[in-house]
Structure formats: structure tokens, C-alpha cells
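Biologist: Please show the model, and let us then examine the grounds for the terms applied to it.

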Amino acid sequence: MRGVGDALRKDEQLGKAILEDVQIFGVERWELWGFVVRCRIKVLPNERDSVRREFFRRLAAAFEAKGVKTP
């Protein structure tokens with residue numbers, strides 16, 4: 001997650017909207033299908049949705065590259 005956040009901050013377009021490094025709070029809860037990990041990325045107003053969408057897209061790709069299955 002931290003690596004994906006760092007790469008997103010270096011992105012030419014979206015990097016300008018990100019104010020701080022990703023903050024990872026850790027495992028929030030365990031579920032039958034996996035676990036929930038909480039993190040936060042502080043962004044400029046009105047940029048939350050675009051940054052969030054791209055973060056999740058890149059995170060899913062990073063998980064797939066490492067062989068981690070996602071639901």
C-alpha cells in the first residue's frame with residue numbers, strides 16, 4: 001500500500017492533488033473472506049474521488065502482480 005501511494009504521489013497528473021504520504025493504520029477487522037486494512041491519503045478538495053479510484057486500481061494491480069487474490 002505504501003509503495004502504491006508513493007508511486008501515485010510521483011504521478012504527473014494526480015501527484016499534485018496529494019498533500020501527504022499515505023498513512024496506513026493497519027488491520028481494522030478480519031472477515032471470512034479476508035481482512036480490512038485502513039489507510040488515508042490527504043488530497044486537495046474535489047480531488048478525492050479521482051485519487052481514490054486510481055489508488056484502488058493500482059492497488060489491485062499490485063496485489064495481482066504479487067499473487068494476492070482479491071474478491
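**Grounds for the terms**

Modeller: Leaving aside neighbours within four places in sequence, F55 is in contact (heavy atoms within 4.5 Å) with M1, V4, G5, L8, C39 and I41. This is a predicted model, in which local features need pLDDT of at least 70 and side-chain atom pairs count only at pLDDT 80 or more, whereas totals for chains, interfaces and linings use all residues. Residues are numbered from 1 along each chain as its sequence is written, and side-chain values use heavy atoms, with hydrogens and water left out.

Biologist: Why is F56 classed as it is?

Modeller: F56 has 44% relative accessibility, so F56 counts as partly exposed.

Biologist: What makes F55 and F56 an aromatic pair, and of which kind?

Modeller: Ring centres of Phe, Tyr and Trp (its six-membered ring) must lie within 6.5 Å; planes under 30 degrees apart count as stacked, over 60 as edge-to-face and the rest as tilted. The whole structure holds two aromatic pairs. The one formed by F55 and F56 has 6.0 Å centre to centre and 55° between the planes, and is tilted.

How values were computed
Buried < 20%, exposed > 50% of the residue type's maximum accessible area, 1.4 Å probe, protein only.
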